[in-house]
Amino acid sequence: MFDISQISRREEDLAQFCSALDPASIPLSVVAQVYESFARMERLVTGAKLRLAARVEASNHWRTTGHRTAADWLARTAGSTAAAAHSELAASTRLERLPATDDALRQGGLSVAQAAAVTDAAAADPGAEARLLAAAERSSLRALRDECARTKAAADPDADARYARIRRERLVRTYTDAEGAWNLHARGPADAGAQVTAALQAAADALFRQAYTEGRQEPHGAYQFDALVGLCSGRGGGRQGHKYRAVLRVDVEALIRGATDNDERCEITGVGPIPVRVARDLLGDAVIDLVITRGQDVTTVVHLGRGPSAAQRVALMWTQPTCSREGCEQLWTHTEVDHRLPWSETHHTVLGELDRLCRHDHRLKTNHGWALVAGGGTRPMVPPGHPDHPGSMPTERAPP
């Protein structure tokens with residue numbers, strides 16, 4: 001029999017502990033460990049809260065308090081948005097059929113955002129649950145959501161119907177937040193989003209170059225906002241109906257067949273999955289670098305120049321769409337191509353020896369000696385002296 005007093009006692013203990021916490025009294029040598037502990041506790045608590053959400057709906061308590069839906073009660077009680085509450089409730093409902101995800105929440109291994117992404121995709125393809133949970137452990141939230149989107153798209157038996165539904169439900173919503181700032185939210189088909197993204201990127205790059213020559217520096221998002229305003233006001237400097245560049249990856253069998261099957265992919269890099277029919281239509285309307293692949297084997301090009309060839313750059317856009325440092329979500333448009341082995345020593349450029357690094361991580365490598373661990377694709381970056389640093393001698397490696 002559940003004892004409600006247990007919850008009350010633990011809540012009181014936690015309240016006293018948090019109230020007495022003085023950040024200034026915590027030594028700098030351990031403050032990061034304390035923060036990590038609180039992060040784990042937060043995942044445990046929010047995981048338990050998520051697992052309870054469906055039970056709250058079943059209790060009908062929200063009706064007795066005059067709320068229109070259970071999600072409204074959840075949002076009011078947790079101080080969250082209605083959208084977040086709906087997502088939490090949907091994830092909680094799906095957990096009954098996903099025991100491994102439920103167990104991960106019990107252990108504090110998932111955040112609410114991760115659980116929402118995993119349950120959404122695993123509900124469409126239960127066989128992918130273990131793979132998605134493994135991705136949640138090693139990937140950033142953005143990368144996990146991308147993988148979940150691919151899984152859900154692959155499990156949909158009618159990609160064209162899904163695309164048509166997304167198009168019917170397309171929307172732009174504007175609102176003013178609590179600080180009085182204007183906000184914009186848009187949702188629609190991936191190919192249309194690619195056009196918007198490309199136009200914004202081109203205009204933002206022009207604004208960045210102008211600011212650079214004038215000695216000004218602002219976050220990338222600020223340039224994109226100014227680019228959006230400029231394009232809408234006719235001051236963006238772009239040409240009407242200009243062609244845009246995107247990277248489309250499609251498995252050759254899917255291209256021939258006209259639809260994806262199993263783990264085949266058809267998507268615009270950095271945007272999302274699209275039906276093969278839409279991919280074919282795009283070829284007549286846009287400048288597309290078409291990367292036809294079998295699995296992950298994109299190309300074996302060897303180039304003798306210092307920089308990658310055009311073919312290698314296109315391949316990198318697909319194989320490494322973000323910064324190669326694990327946990328970094330910077331897209332390829334904000335990264336630099338980096339040689340793992342100095343070109344001055346090899347005098348060749350091989351795709352398998354290239355990484356993508358954002359400006360921050362490139363400075364860490366160039367100026368402070370940090371390096372990606374051995375291997376390829378997305379992986380950790382470690383400082384000098386770390387046992388996994390490529391420059392460490394084998395004798396320095398810690399015992400297993």
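**View 1. Strands β1 and β2 pair as an antiparallel hairpin.** Six bridges link β1 (residues 171-176) to β2 (residues 182-187) in this predicted model. Strands count as paired if DSSP finds at least two bridges between them. Helices (H or I, at least four residues) and strands (E, at least two) are DSSP runs, numbered from the N terminus. L171 stands opposite R187 of β2. Five residues lie between the two strands of the hairpin. In the turn, G180 has a positive phi of about 85°.

The model is predicted: local features need pLDDT of at least 70, side-chain atom pairs count only at pLDDT 80 or more, and totals for chains, interfaces and linings use all residues. Residues are numbered from 1 along each chain as its sequence is written, and side-chain values use heavy atoms, leaving out hydrogens and water.

**View 2. Helices α2 and α6 cross at roughly 140°.** The axes of α2 (residues 31-59) and α6 (residues 99-106) come within 8 Å. Axes are lines fitted to C-alpha atoms, for helices over the stretch in contact, and angles run from 0 to 180 degrees between N-to-C directions. The two helices are therefore oblique to each other. Under 35 degrees counts as roughly parallel, over 145 as roughly antiparallel, 65 to 115 as roughly perpendicular, and the rest as oblique. From α2, the contact (heavy atoms within 4.5 Å) uses L44, G47, L50 and R51. From α6 come D102, L105 and R106. By class, there are three nonpolar, one polar and three charged residues. Ala, Val, Leu, Ile, Met, Phe, Trp, Tyr, Cys and Pro count as nonpolar; Asp, Glu, Lys and Arg as charged; the others, Gly among them, as polar.

**View 3. E88 sits in helix α5.** That helix covers residues 82-94. Relative accessibility is 8%, so E88 counts as buried. Buried means under 20% relative accessible area, exposed over 50%, and partly exposed in between (1.4 Å probe, protein chains only). Leaving aside neighbours within four places in sequence, E88 is in contact with K49, L50 and A53.

**View 4. Helix α9 has several buried residues.** They are L144, E147, C148, R150, T151 and A153. Their cover includes α7 (112-124), α8 (129-138), α10 (159-168), β4 (266-268) and β5 (272-273). Helix α9 has 15 residues, 141-155. At 1.5 Å times one less than the number of residues, the helix should span 21 Å, and its end C-alpha atoms are 21 Å apart, which agrees.

**View 5. The chain has 17 helices and 12 strands.** Buried residues make up 32% of its 400 residues.
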